[in-house]
Amino acid sequence: MVGRALTCTVFALAGLLFYISAQTAQGTDLRTDNSLLKLSDVIRQRSEQNQQVQAQVGELQDRTDELAQQQGSPADTDRLDALQQVAGLEPLRGPGLTVTLNDAPPGATARIPNVPEPDVNDLVIHQQDIQAVVNALWRGGAEGIQVMDQRLISTSAVRCVGNTLLLQGRVYSPPYVIKAVGKTDALRAAVDSDPAVKRYLQYVVAYGLGWKVQENADLTLPGYAGSADLRAAAGQ
């Protein structure tokens with residue numbers, strides 16, 4: 001009797017689980033990656049929308065600057081220009097450095113002896129790699145930094161979703177190009193001495209991740225044209 005009761009209980013629980021799964025799936029397969037694919041599509045769609053909005057914000061910002069200059073005194077205009085330059089809202093021009101990071105070639109294997117064969121995470125650029133370069137450039141005295149086609153400001157956050165970069169509402173794929181205006185020697189020294197960058201360079205040697213540093217006599221960074229609101233802050 002006890003055995004029969006346990007059997008009935010097991011079948012009842014199994015039936016309940018199947019019922020719950022059916023209600024949760026709503027006709028879909030719970031074990032597929034379709035939800036992840038849909039999320040990726042949503043991110044890219046929002047990226048395109050954000051790009052359009054940023055263009056509109058840039059136009060409004062230019063109009064606001066024109067009105068402020070028309071109505072303000074010369075001293076007020078100079079102060080506004082100085083504040084916008086410090087905040088990264090105005091274009092910046094000068095000598096600087098361009099750093100390019102890229103994933104390893106498809107099918108890459110260990111390139112030096114006594115190094116284990118890589119897994120997929122060893123062959124792609126990660127969030128911390130981009131952050132390491134950006135932080136090193138700031139420490140090297142960068143007056144302004146641009147990642148891909150966007151100027152960084154105080155509320156900018158570098159985030160990666162899978163193997164893509166999510167920056168200020170837009171999505172980018174490698175290679176990742178980082179530009180900084182400042183004293184070239186100081187910028188290069190800061191990048192070369194950064195511990196996190198040195199770790200990344202070990203993977204460059206071992207597995208062929210992309211790395212290129214170029215000195216520029218004349219760089220022009222665009223002014224930031226998006227929203228300057230702080231939506232969230234994350235600690236390291």
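**Chat about a predicted model**

Student: Let's start with Q168: buried or exposed?

Tutor: In this predicted model, Q168 counts as buried, with a relative accessibility of 19%. The cut-off for buried is under 20%, so Q168 falls on the buried side at 19%.

Student: Where is Q168 found?

Tutor: Q168 sits in the loop between β5 and β6. Its backbone is worth a look too: the phi of Q168 is near 50 degrees, which is positive, and the residue is not a glycine.

Student: Which loop holds M148, and what is its phi?

Tutor: M148 belongs to the loop between β2 (144-147) and β3 (150-151). Its phi is near 55 degrees, again a positive value in a residue other than glycine.

Student: OK, peptide bonds now. What kind of bond joins P174 and P175?

Tutor: A cis one, with omega at about 5 degrees. P175 is in the loop between β6 and β7 (176-181). For background, most peptide bonds are trans.

Student: Let's zoom out. How many helices and strands are there in the protein?

Tutor: Six helices and eight strands. Along the sequence they come in the pattern α-α-α-β-α-β-β-β-β-β-β-α-α-β.

Student: And what share of the residues counts as buried?

Tutor: 32% of the 236 residues. On the contact side, take the contacts with a separation of 6 or more: 75% of these come from residues 24 or more positions apart.

Student: Back to those β4 to β6 strands. In what order do they sit in the sheet?

Tutor: The order is β4-β5-β6, an open sheet of three strands with antiparallel pairing. β4 (158-161) and β6 (170-172) are the edge strands, each pairing on one side only. From one strand to the next, the twist averages 35 degrees.

Student: How many bridges join β4 to β5?

Tutor: Four, and the two strands run antiparallel. β5 covers residues 164-167.

Student: Which helix lies across β4 and β5?

Tutor: That's α4, and it runs at about 160 degrees to β4.

Student: What does α4 give to the second largest pocket?

Tutor: Five residues of the lining, and α4 is the element that gives the most. The pocket has a volume of about 300 Å³. Its lining has 15 residues, and the closest to the centre are Q128, D129, A196, R199 and Y200. The elements giving two or more residues to that lining are α4 and α6.

Student: Switching to charges. How many salt bridges are there?

Tutor: The count is four. As a general point, side chains of opposite charge can pair when their charged atoms come close.

Student: Which residue does D218 pair with?

Tutor: R93, with the closest N and O atoms 2.7 Å apart.

Student: How exposed are the two partners, D218 and R93?

Tutor: D218 is partly exposed at 43% relative accessibility, whereas R93 is exposed, with a relative accessible area of 62%.

Student: What does R139 meet in a salt bridge?

Tutor: D194, at 2.1 Å from N to O. This pair links distant parts of the chain, 55 residues apart: R139 is in helix α4 (residues 127-139), while D194 is in the loop between α5 (184-193) and α6 (195-207).

Student: Buried or exposed, for R139 and D194?

Tutor: One of each. R139 counts as exposed at 57% relative accessibility, and D194 counts as buried at 6%.

Student: Last one: what is the N to O distance between R188 and E215?

Tutor: 3.0 Å, and their side chains meet in a salt bridge. It links helix α5, which holds R188, to strand β8, which holds E215, 27 residues apart. R188 counts as partly exposed at 26% relative accessibility, and E215 is partly exposed with a relative accessible area of 42%.

Methods:
Residues are numbered from 1 along each chain as its sequence is written. This is a predicted model: local features need pLDDT of at least 70, side-chain atom pairs count only at pLDDT 80 or more; totals for chains, interfaces and linings use all residues. Side-chain values use heavy atoms; hydrogens and water are left out. Buried means under 20% relative accessible area, exposed over 50%, partly exposed in between (1.4 Å probe, protein chains only). Two strands pair if DSSP finds at least two bridges between them. Axes are lines fitted to C-alpha atoms, for helices over the stretch in contact, and angles run from 0 to 180 degrees between N-to-C directions. Contact means heavy atoms within 4.5 Å. On a 1 Å grid over the protein atoms alone, a cavity is a set of points where a 1.4 Å probe fits but cannot get out, and a pocket is an open set with protein on both sides within 12 Å along at least five of seven lines; lining residues have an atom within 4 Å of a point. Grid points are joined across faces, edges and corners, and a volume is the space filled by probe spheres set on the points.
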